[in-house]
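Work through the exercises below with the sequence and the model side by side. Try each task before you read its solution.

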There are 2 protein chains.
Amino acid sequence: MTESQNKDDLAYARSKVSFDIKDMTNYLHGGEGNVEQRRYIIDLIAKEPIFQKDDWGWLNHTDAVKRGIAMSTRLAEIKMEHELNDLDLSTMMEAIDDPLPIVLHNGAFIPVINSQGTDEQIEKWIPPAEKFQILGCYAQTELGHGSNLSKLETTATFIKETDEWEINSTTFTASKWWIGGLGALSTHAVVQARLFIDGKDYGAHVFVIPLRSLDDHKTFPGVEIGDIGPKAYNGFNKMDNGFARFNKYRIPRENMLMRFSKVSREGVYTNPPHAKLSYGSMVLLRSVLIKQMALYLSRATTIATRYLTVRRQFNNPTSRNDADVNPGLETQVINYPMVQNRLFPMIAQSYALFAAGSCMMEMYLGLMAGLSSGNIDALAEVHAMSSALKSYCTTIGAAGTEECRKLMGGHGFSYFTGLAHLFAAIVPSNTYEGDNYVLTQQMARYLLKEIKTARTTPEKVTPFSKYLLLGLDQTAFSRTTCAVALPQDWLKPEIQLSAFEHRCARLAFELSDAVDQGGYDQANPKTWSDHNIECYRISHAHAQYVLVLWFIQSVRDAQDPDSERPAQPASINVLERLSHLHALHTIQTNLADFVEDGYFSPAQCQSLRAQVKSLVASLADEAVGLVDAFDHPDFLLNSALGATDGDAYKRLWDKAQSEPLNRREVCDGYEEYIRPLLKRHGDFKL
Amino acid sequence: MTESQNKDDLAYARSKVSFDIKDMTNYLHGGEGNVEQRRYIIDLIAKEPIFQKDDWGWLNHTDAVKRGIAMSTRLAEIKMEHELNDLDLSTMMEAIDDPLPIVLHNGAFIPVINSQGTDEQIEKWIPPAEKFQILGCYAQTELGHGSNLSKLETTATFIKETDEWEINSTTFTASKWWIGGLGALSTHAVVQARLFIDGKDYGAHVFVIPLRSLDDHKTFPGVEIGDIGPKAYNGFNKMDNGFARFNKYRIPRENMLMRFSKVSREGVYTNPPHAKLSYGSMVLLRSVLIKQMALYLSRATTIATRYLTVRRQFNNPTSRNDADVNPGLETQVINYPMVQNRLFPMIAQSYALFAAGSCMMEMYLGLMAGLSSGNIDALAEVHAMSSALKSYCTTIGAAGTEECRKLMGGHGFSYFTGLAHLFAAIVPSNTYEGDNYVLTQQMARYLLKEIKTARTTPEKVTPFSKYLLLGLDQTAFSRTTCAVALPQDWLKPEIQLSAFEHRCARLAFELSDAVDQGGYDQANPKTWSDHNIECYRISHAHAQYVLVLWFIQSVRDAQDPDSERPAQPASINVLERLSHLHALHTIQTNLADFVEDGYFSPAQCQSLRAQVKSLVASLADEAVGLVDAFDHPDFLLNSALGATDGDAYKRLWDKAQSEPLNRREVCDGYEEYIRPLLKRHGDFKL
């Protein structure tokens with residue numbers, strides 16, 4: 001193969017793209033201004049020596065944390081030097097591409113004090129925190145306990161004599177654990193501990209606890225801190241996830257954050273009623289994750305698409321793209337229908353996730369605007385929605401990244417694909433901010449309430465649950481079938497949405513019926529947890545419905561030149577195909593749900609599969625353009641096989657040369673191990 | 001939580017198990033003798049200092065290869081000292097638990113010479129190889145090429161003048177790549193290269209090529225060797241996967257392995273016809289992988305089951321196992337139905353894989369016995385079967401391991417679960433020995449031939465394809481429906497098998513029809529690769545059918561006290577439930593395939609789901625016993641959270657203390673990075 005073949009293949013593929021890539025990029029990122037600002041921030045990071053990624057593949061956790069510390073402090077400096085806002089900061093973290101110890105300072109320590117501290121406490125702690133004169137983290141999880149605040153074992157006992165709290169890790173399992181920023185960096189923590197006064201347990205409250213001296217960073221007596229060690233897949237390896245045990249450790253009474261609950265000098269506890277304001281920050285964290293999944297899965301598909309365009313293997317006599325120009329070579333792997341049918345739906349998912357990221361963030365901002373004027377009407381729906389979408393989107397984000405890696409065959413198992421690092425960064429999101437299975441109970445509970453509303457005051461059902469009205473007349477509902485008659489009917493958005501609505505309504509009512517009937521069987525009473533499998537099913541079904549709906553709406557909006565994200569007709573043409581593929585492939589992947597009650601006929605199942613294949617084939621000439629449009633620069637991709645120029649083999653070769661083993665002609669261990677083995681039975685001469 | 005709670009929970013769970021664990025272990029491993037020998041070999045490794053795993057979480061690839069060299073030479077010594085056979089050697093590798101550079105010496109270098117060398121060549125190379133006086137590897141894959149031998153770019157050109165071959169990496173992409181054992185250890189390689197005589201290309205042939213001097217391990221002039229660097233997820237990190245380029249490198253003519261093709265002194269090439277004997281070794285490698293998946297997935301479920309038994313989170317008022325004895329504590333996570341419904345089917349899969357591993361190996365041995373007496377009748381079926389099962393079993397093995405890790409929640413992301421290492425060891429099996437997608441074409445091709453046989457000489461259809469006879473009368477077939485009327489009908493093995501047979505027959509005939517019709521559309525002619533999605537579907541469907549069948553047969557056989565693997569009635573009782581769960585859960589996971597042609601009715605779908613839940617619930621008291629029966633000692637599991645005693649939190653704590661960062665009270669980087677940041681705006685005093 002000639003040295004330019006890789007690059008030629010990618011260039012040739014680009015020449016076939018039917019739409020303007022810049023136009024598509026602007027659609028995805030919400031306009032040219034955003035695109036330029038994102039590029040500017042990424043370049044800012046890309047030129048800093050401390051943020052280079054060349055040796056990441058060799059850093060063990062111990063060395064990586066040292067790097068993470070250095071990167072953290074430089075990040076803090078840049079933030080101050082450039083006075084970056086939150087959006088820029090998140091782009092900076094995207095470019096840095098590994099969670100750093102300092103992330104919890106800005107992302108948790110400061111927000112918790114701001115939301116739970118009194119005005120005086122905010123005035124005391126926030127200015128030094130903003131200037132990084134103190135560095136903080138957030139300590140909730142314990143060795144034996146996670147999300148269930150009421151069972152935390154760390155205690156804060158009021159000592160009236162000295163007006164102090166005594167913090168204790170009463171048992172071994174009370175040790176704070178997994179706390180990012182704690183193991184090495186932080187001087188302070190906001191700590192969840194159960195509050196005791198005169199032997200009475202008032203439940204979990206938040207305390208600001210100094211950990212390390214501002215003079216020499218040594219831990220204070222009564223505090224034992226350490227790092228919890230390496231993590232799965234080398235993920236989060238620059239993060240100093242730590243543990244902490246407290247032994248009769250005293251802090252002033254004022255270090256309890258008292259915006260809501262208060263304890264007076266006399267030890268009197270007061271707890272004014274207040275709305276579930278902390279839901280807002282949970283919604284934000286989950287909404288941000290959805291946008292992150294768009295950025296992550298699109299990176300994975302970018303790498304896979306480019307590499308599979310230059311990789312050639314075996315011969316496919318009628319391969320569509322290159323047999324004409326390169327008759328002597330093997331077939332480009334991306335030309336195999338099996339590969340296209342695995343890869344292109346993930347490109348479509350990435351586009352759907354971009355749309356969902358924007359819509360979910362708008363929904364969050366709407367909620368916050370409402371809350372600030374005392375309106376909590378939207379809280380339940382937005383919270384349920386962010387939970388359902390977080391669960392579904394992070395699931396497909398992690399699974400899709402690993403699927404992209406597998407698509408890349410043998411070379412896909414090299415560290416230098418960039419995908420293993422990406423997977424390790426994504427996959428814990430399936431667990432944190434609410435385990436993806438447990439979390440689905442939120443949407444299920446919400447829909448059960450909505451069913452009650454539908455039965456009593458149907459006009460009050462919220463827009464995204466309107467499909468529940470379909471299920472009120474069960475006889476009519478059970479007779480409903482899909483309207484597809486001709487293959488092209490599958491391309492009608494209304495027909496796609498009807499299918500998702502029907503499925504959601506059926507699953508929601510089945511769950512509702514099961515819950516209602518649960519108590520009747522006295523011998524085997526059912527509890528909520530007996531229905532959790534069904535909660536998972538309806539929650540993911542709802543999330544898929546919303547993703548399909550938002551993508552359809554986004555493409556419709558883009559046809560209006562005055563909209564926020566307009567796109568040219570050539571782009572719209574491809575976006576429509578992507579939207580169809582996303583909807584129909586999602587149906588195909590969950591086909592049983594659409595057919596087991598007779599909604600789809602056998603013939604419709606067959607024609608659906610054919611339509612998916614046809615849509616996939618229609619995107620063969622667009623794939624490289626579609627991933628170029630994500631606009632991920634090479635610094636961000638950090639992939640030998642997925643770089644913009646397509647020069648995959650050359651870059652893989654160069655990366656291999658950087659393996660330290662290759663500095664020596666004879667490997668370490670030869671004299672000690674290999675030579676004695678070879679000579680054990682005497683010299684062998686050929 | 002008290003310090004003994006973890007251990008108490010696991011002990012209490014063990015006390016509820018209904019069967020004798022040793023009896024079950026004997027069933028799984030094929031008798032007490034095998035169980036003892038496996039334990040003996042694992043202990044042999046466990047007591048060797050070089051095989052300890054304590055620091056594995058911190059080894060980067062560079063350090064890991066040095067360790068791999070030391071482990072390799074010790075392995076060679078033990079093999080010689082104890083005169084181990086192949087089975088013991090594979091148990092040794094199971095215990096060592098990481099692929100080592102020397103594995104290719106015994107697993108590829110020696111077998112290739114034995115199968116492709118002449119008697120003289122075997123006599124020359126094998127004795128020194130057996131004594132480790134030379135160390136070898138197998139070099140096929142290149143930077144730009146994989147399985148397609150005819151397109152390899154490495155060339156071996158006959159030089160008549162000197163009676164030599166000149167080996168050349170003619171292009172950059174001809175570099176041998178990914179070759180295990182090459183980067184650091186090997187002195188020799190068997191190399192696939194395209195043979196040229198007088199400018200004529202005779203295709204790929206195998207050559208024994210000396211790489212490094214037996215005196216000082218330096219590479220010979222004309223050979224450039226290196227290590228290709230770290231791999232995804234730190235997998236295979238002790239393996240010295242290497243690259244090699246040859247530049248006018250000369251070797252004697254006799255170094256071509258000439259059992260079949262020969263080249264004479266005069267440069268005359270002869271190639272006597274011979275059967276596809278190399279299929280035998282592919283079948284063996286794939287059969288071994290199926291057994292490995294049983295060992296791997298059972299390890300993952302062991303770790304998850306034990307940890308989830310001691311892990312407690314939230315409250316489930318009617319949790320079944322522990323509310324009676326521990327009313328004040330949170331619920332054991334394993335008592336949540338959602339968790340059971342994710343975990344227990346994987347325990348059932350592990351048992352199915354044990355049965356399949358034995359059956360496939362028997363099938364292989366039967367094939368080899370036949371081949372040695374010149375009978376190649378079984379070759380096509382066994383090859384197709386091993387391909388289909390390899391694809392399916394390694395897919396569920398890798399996916400299941402990661403699912404077990406996720407089941408373990410937050411702590412599941414710690415390196416110390418042992419599951420991340422396991423996943424990284426398993427997941428490349430989805431790609432090597434035949435990519436799991438590409439490989440499914442083998443079974444599809446085989447079934448298409450069997451359909452032709454069924455139509456002409458139905459009595460000649462092989463046993464595992466007998467279901468194809470169902471599809472011969474298409475009218476009758478399309479009217480067939482599932483016979484389940486009552487819930488307990490699902491527990492009839494014949495009904496389960498009928499469902500799988502119906503599905504396989506339908507998918508096979510649909511593929512056959514599509515292939516037959518493919519040529520008719522002149523505007524859009526179809527090629528084989530256009531059908532590869534359907535190949536994947538039918539191949540996995542067939543593999544699932546065989547797994548279900550073999551598990552059912554294995555449990556039936558176990559009821560005969562004179563069988564090879566007898567089991568007591570109490571064990572049989574649980575095995576039957578596992579077999580039902582495995583069959584019905586596999587159906588549920590692929591439900592669309594059973595319902596989209598009307599074979600299942602809507603009511604049957606509902607009752608199937610209920611039956612799966614009921615079977616899962618029936619195993620709640622057995623789970624810990626079922627994983628204990630796999631008999632994986634703690635050394636093998638290498639898991640803080642899955643050890644036999646259940647002391648998860650204590651072990652996790654101890655492991656964390658071994659993090660090198662914890663040796664210093666103040667972290668590296670404080671003076672250089674943290675202090676300047678904290679002091680940038682002057683001292684802050686609280």
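**Exercise 1: the sheet**

Task: give the strand order of the open sheet in chain A, and its pairing sense.

Solution. The open sheet has 3 strands in the order β4-β8-β7 (chain A), and the pairing is antiparallel. On average, neighbouring strands are turned by 20° against each other, direction ignored. Strands here are DSSP runs of E, at least two residues, and helices are runs of H or I, at least four, numbered from the N terminus. Two strands pair if DSSP finds at least two bridges between them.

The model is predicted: local features need pLDDT of at least 70, side-chain atom pairs count only at pLDDT 80 or more, and totals for chains, interfaces and linings use all residues. Residues are numbered from 1 along each chain as its sequence is written, chains are lettered from A and ligands numbered from 1 in the order in which they are written, and side-chain values use heavy atoms, with hydrogens and water left out.

**Exercise 2: pairing in chain A**

Task: how many bridges join β7(A) and β8(A)?

Solution. β8 of chain A spans residues 242-246. β7(A) and β8(A) pair over 5 bridges, in the antiparallel sense. Take V223(A): its bridge partner in β8(A) is F246(A).

**Exercise 3: strand β7 of chain B**

Task: which residue of β8(B) stands opposite D227(B)?

Solution. β7(B) and β8(B), residues 242-246, pair antiparallel over 5 bridges. D227(B) stands opposite G242(B). β7(B), residues 223-227, is mostly covered, with 4 of its 5 residues buried (under 20% relative accessible area, 1.4 Å probe, protein chains only).

Note on methods: Axes fitted to C-alpha atoms, helices over the stretch in contact; angles between N-to-C directions. Buried < 20%, exposed > 50% of the residue type's maximum accessible area, 1.4 Å probe, protein only.
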